[in-house]
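Dear colleague,

I am handing over the structure that we spoke about, and below it you will find my notes on what was found. Please read them with the model open beside you.

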Amino acid sequence: MRDVNRLKKLPLWNLLSDEEKILVESNLYNVSFKKGELILKKSESCFGIIFVKKGSLRVHIISEDGRDVTLYRIREGEMCTLSSSCVLDAITFEVHIEAEENTEIINVPSNIFKKIMEDNIYVKAFMYEGIAARFSDVMWIMQQILFMGIDKRIAIFLIEESESTGKEKIKITHEQLAKYIGSAREVVSRMLKYFEQEEIVSLGRGSVEILDKDELIKIAK
């Protein structure tokens, strides 16, 4: 019942009919994943709707040459729509979804959700809108990778992460940061070292602490 109450807070819930709400309630699954565990692989069928109860997920793609690019992240209380994009015939977007930390999710299987969308045009429209919004996020990431320098990309990430967590000290390794911004670890390490020399950040074991946020903002602009 507590899991259903979490879902009732989502805008999607109000679009369901009484029968559809009963169908969802009777087909909820709680699944736990350990840090680094893949929830959805490119080669697998779609997972269905994912709602993050605890922890966070990273949605990413891997190129043919092995380059890992983070598209966006899903935090506690948020829903992932691309995990069920295969139930929409016009969407063929293949992604990997990985647990960033020990994570608990609520899952509504794809076959259940597909049945709902076939009968409920409002839910289908909601899903398309959600995926369109995510593609906007993806385009922003691609714009950074293609047109922005590594210094600006790192600055943007650190600022956004600090604002999201409310902390100046961000727990992250150089390798993780490289994955998030779609770069090589060596390149990220060199730029962070430069930021440290300029007293913009302080580097620790598995952490980056912002010392001069105003300067980071200047770099990000």
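Which residues line the largest cavity? The lining consists of Leu7, Leu10, Leu12, Trp13, Leu16, Val24, Ile49, Met79, Val108 and Phe113. Before going further, please note that this is a predicted model, in which local features need pLDDT of at least 70 and side-chain atom pairs count only at pLDDT 80 or more, while totals for chains, interfaces and linings use all residues. Residues are numbered from 1 along each chain as its sequence is written, and side-chain values use heavy atoms, with hydrogens and water left out.

On the cavity and the pockets, the rule works on a 1 Å grid over the protein atoms alone: a cavity is a set of points where a 1.4 Å probe fits but cannot get out, a pocket is an open set with protein on both sides within 12 Å along at least five of seven lines, and lining residues have an atom within 4 Å of a point. Grid points are joined across faces, edges and corners, and a volume is the space filled by probe spheres set on the points. By this rule there is 1 cavity of 30 Å³ or more, and the largest cavity has a volume of about 110 Å³. Its lining has 10 nonpolar residues, no polar and no charged ones, where Ala, Val, Leu, Ile, Met, Phe, Trp, Tyr, Cys and Pro count as nonpolar, Asp, Glu, Lys and Arg as charged, and the others, Gly among them, as polar.

The largest pocket has a volume of about 600 Å³, and of the 20 residues that line this pocket, Arg73, Glu101, Glu161, Thr165 and Lys171 are the closest to its centre. By class, that lining is made up of 4 nonpolar, 6 polar and 10 charged residues. Strand 5, helix 5 (150-165), strand 9 (169-171) and helix 6 each supply at least two of the lining residues; here helices (H or I, at least four residues) and strands (E, at least two) are DSSP runs, numbered from the N terminus.

The second largest pocket holds about 440 Å³ of space and is also lined by 20 residues, with Leu71, Tyr72, Arg73, Ile141 and Glu160 lying nearest its centre. In this case the lining divides into 8 nonpolar, 4 polar and 8 charged residues, and at least two residues each come from strand 5, helix 4 (121-147), helix 5 and helix 6.

Turning to the sheets, 4 strands form an open sheet in the order 2-7-4-5 with antiparallel pairing, two strands being paired if DSSP finds at least two bridges between them. Strand 2 (38-40) and strand 5 (68-75) are the edge strands, each of which pairs on one side only. The twist from one strand to the next averages 30 degrees, with axes taken as lines fitted to C-alpha atoms (for helices over the stretch in contact) and angles running from 0 to 180 degrees between N-to-C directions. Strand 4 (residues 56-62) is joined to strand 5 by 7 bridges, and Ser56 has Arg75 of strand 5 as its bridge partner. Helix 6 (residues 174-181) packs on this sheet, touching strand 4 and strand 5, and its direction makes about 95 degrees with that of strand 5; contact means heavy atoms within 4.5 Å.

The structure holds 10 salt bridges, each defined as a side-chain nitrogen of Lys or Arg within 4 Å of a carboxyl oxygen of Asp or Glu. In one of them Asp68 pairs with Arg58, the closest N and O atoms being 3.0 Å apart. This pair links distant parts of the chain, since Asp68 is in strand 5 and Arg58 in strand 4, 10 residues apart.

Helix 4 and helix 5 pack at an angle of about 145 degrees, their axes lying 10 Å apart. Trp140, Gln144 and Ile145 of helix 4 make the contact with Arg153, Ile156 and Glu160 of helix 5.

Finally, an open sheet of 3 strands has the order 9-11-10, with antiparallel pairing, and its edge strands are strand 9 and strand 10. Strand 10 and strand 11 form a hairpin with 2 residues between them, and Gly206 in the turn has a positive phi of about 70 degrees. Val201 has Ile210 of strand 11 as its bridge partner.

With best wishes
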